[in-house]
Amino acid sequence: MEQISGDTITIPFWKRKALEDMSPDEWESLCDGCGKCCLLKIEYEDTGEICYTNVACKLFDSATCRCVDYEEREEKIPDCAVITAQNIDELFWLPPSCAYRRLREGKDLEWWHPLVSKDESLIHRMGISVQDKVIPEQYVKRRHLERHIIDRVPGRNKG
Ligand code: SF4
Ligand code: SF4
């Protein structure tokens, strides 16, 4: 969305900056808070398919749909994927709706994204996020993880 004020046209930062050029605050604001990257996933070696489960990382707060220790997440959860402009191309498992992935693919933010809609709770009200839909990983045995599959995305071997 372009904002026109008098003779000045202000183009939102995500439309005029490359991911690599964004400030830390701009970068963080791109996260729509869907929480999908905090779900446990299964990757099938034969097909490359990635399956999302409704089982969430133990640091994920289902009510707020946020990490409870975001600043220390790398130390607390070694498997946590910290998304950067440098590694995003390797994070093929990110959901298609993820703002970082969309921008990297040359797409715009979705209309419901908080930066566009100016409504941080819209993504939850629309049911796009995983708020209140997940089970903490400590309550699920790893061998039962397949029972919790809720979505599939193409993996590294497929489009
Ligand atoms: S999938 Fe992307 S937009 Fe959603 S919470 Fe994770 S980083 Fe943020
Ligand atoms: S450590 Fe935090 S950001 Fe990382 S996967 Fe777990 S809940 Fe998500």
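Visitor: In which helix is S29 found, and why is S29 called partly exposed?

Guide: S29 belongs to helix α2, residues 24-29, where helices (H or I, at least four residues) and strands (E, at least two) are DSSP runs numbered from the N terminus. A residue is buried if 20 or more other C-beta atoms, placed from the backbone, lie within 10 Å of its own, exposed if 12 or fewer, and partly exposed in between. S29 has 16 other C-beta atoms within 10 Å and is therefore partly exposed. Across the sequence, S29 and P114 are 85 residues apart, yet 8.5 Å apart in space, C-alpha to C-alpha.

This is a predicted model, in which local features need pLDDT of at least 70 and side-chain atom pairs count only at pLDDT 80 or more, while totals for chains, interfaces and linings use all residues. Residues are numbered from 1 along each chain as its sequence is written, with chains lettered from A and ligands numbered from 1 in the order in which they are written.

Visitor: How do you know that β4 is paired with β3?

Guide: Two strands pair if DSSP finds at least two bridges between them. Four bridges join β3 (residues 39-43) to β4, and the two run antiparallel, with E43 and I50 as bridge partners and I42 standing opposite C51. Six residues lie between the strands of this hairpin, where G48 takes a positive phi near 80°.

Visitor: Which other strands are joined to β4?

Guide: Strand β8 (residues 149-153) is joined to β4 by four bridges and runs antiparallel to it; here C51 stands opposite R152. Strand β7 (residues 135-136) is joined by two bridges and runs parallel to β4, with I135 as the bridge partner of V55.

Visitor: What makes β4 mostly covered?

Guide: β4 spans residues 50-56, and six of its seven residues are buried.

Visitor: Which residues have the most contacts inside the largest nonpolar core?

Guide: A nonpolar core is a set of buried Ala, Val, Leu, Ile, Met, Phe, Trp, Tyr and Cys residues joined through C-beta atoms within 7 Å. The largest has 23 residues, and C38, L39, A56, F60 and V134 have the most contacts inside it. Two or more residues come from each of β3, β4 and α4 (99-104), and β4 gives the most, with five. Leaving aside neighbours within four places in sequence, C38 is in contact (C-beta atoms, placed from the backbone, within 7 Å) with A56, C57, F60 and C67.

Visitor: Which residues surround ligand 2?

Guide: The criterion for being near a molecule is that the C-beta atom, placed from the backbone, lies within 6 Å of it. Around ligand 2 these are C38, C57, L59, F60, C67, R73, I77 and C80. Of the 13 residues around ligand 1, C31, D32, C34, C37 and C98 come nearest.

Visitor: Why is K118 called exposed, and where does K118 lie?

Guide: K118 has 9 C-beta neighbours inside 10 Å, so K118 counts as exposed. K118 lies in the loop between α5 (114-117) and α6 (122-125).

Definitions and conventions:
Two residues are in contact if their C-beta atoms, placed from the backbone, lie within 7 Å.
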